[in-house]
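The sequence and the structure come first.

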Amino acid sequence: MADNGLKSFLTKTAKILSELKSNKIIDSYGLIGGLAVGALGIPRATEDVDFLVSTEKIGDFFPRFTKSLGKGFKTELIKPERGVFPYYAILCYQKGYRMMDILVTTEFLQDEIAKDTVKINIAGASIPVVNTEGLVILKLKSGGPMDLIDIKNIFKVIDKNKLDGEKLDNWSK
């Protein structure tokens with residue numbers, strides 16, 4: 001991860017989410033997206049930070065998260081659309097540039113994925129990253145061209161025998 005602004009934003013966000021978890025505003029969270037793919041050892045260019053967050057307190061989480069970001073950030077809350085986009089999305093901008101997407105879970109499967117994390121040292125901070133199986137499922141569900149390339153690359157570097165096949169099978173259903 002070359003961009004120092006993105007590094008500092010990642011560590012700041014992880015610290016905020018950790019505090020909100022300690023205060024029981026959120027249940028769990030994990031890094032997803034391009035940075036999570038990069039954490040697996042697959043070089044991946046990305047321009048933003050993506051987190052999956054599990055909480056039933058979106059009404060508390062959104063304003064507290066926004067306030068914790070501080071001045072200079074604009075946030076937008078997008079509600080889920082049935083059959084189209086199954087998350088609340090919090091989009092964070094700084095100087096007009098989209099820095100982060102937080103996807104807030106609305107389904108049991110998403111909650112399970114958000115809880116199944118491994119801590120990885122990224123940019124000098126220990127950050128929960130969604131486990132490989134969850135990352136693959138999220139990428140399959142998203143289904144964009146870069147998501148499918150990410151999955152191919154994950155399977156090139158990860159020993160498939162070390163993946164939890166039962167978990168993948170259950171989650172893919």
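The model is predicted. K24 is found in the loop that runs between α1 (4-22) and β1 (28-32). K95 is in the loop between β4 (88-94) and β5 (97-104). K24 counts as exposed because its relative accessibility is 60%, where exposed means over 50%. K95 is also exposed, at 82%.

S18 belongs to helix α1. With a relative accessible area of 34%, S18 is partly exposed. Its C-alpha atom is separated by 9.1 Å from that of I127, which is 109 residues away along the chain.

| Residue | Relative accessible area | Class |
|---|---|---|
| K24 | 60% | exposed |
| K95 | 82% | exposed |
| S18 | 34% | partly exposed |

What lines the largest pocket? The pocket has a volume of about 430 Å³, and 18 residues form its lining. Nearest its centre lie I32, L103, K139, S142 and D147. At least two lining residues come from each of α2 (33-39), β5 and α5 (132-142). The largest share, 5 residues, is supplied by α5. By residue class, the lining of the largest pocket holds 7 nonpolar, 4 polar and 7 charged residues.

Terms used
Residues are numbered from 1 along each chain as its sequence is written. This is a predicted model: local features need pLDDT of at least 70, side-chain atom pairs count only at pLDDT 80 or more; totals for chains, interfaces and linings use all residues. Side-chain values use heavy atoms; hydrogens and water are left out. Helices (H or I, at least four residues) and strands (E, at least two) are DSSP runs, numbered from the N terminus. Buried means under 20% relative accessible area, exposed over 50%, partly exposed in between (1.4 Å probe, protein chains only). On a 1 Å grid over the protein atoms alone, a cavity is a set of points where a 1.4 Å probe fits but cannot get out, and a pocket is an open set with protein on both sides within 12 Å along at least five of seven lines; lining residues have an atom within 4 Å of a point. Grid points are joined across faces, edges and corners, and a volume is the space filled by probe spheres set on the points. Ala, Val, Leu, Ile, Met, Phe, Trp, Tyr, Cys and Pro count as nonpolar, Asp, Glu, Lys and Arg as charged, and the others, Gly among them, as polar.
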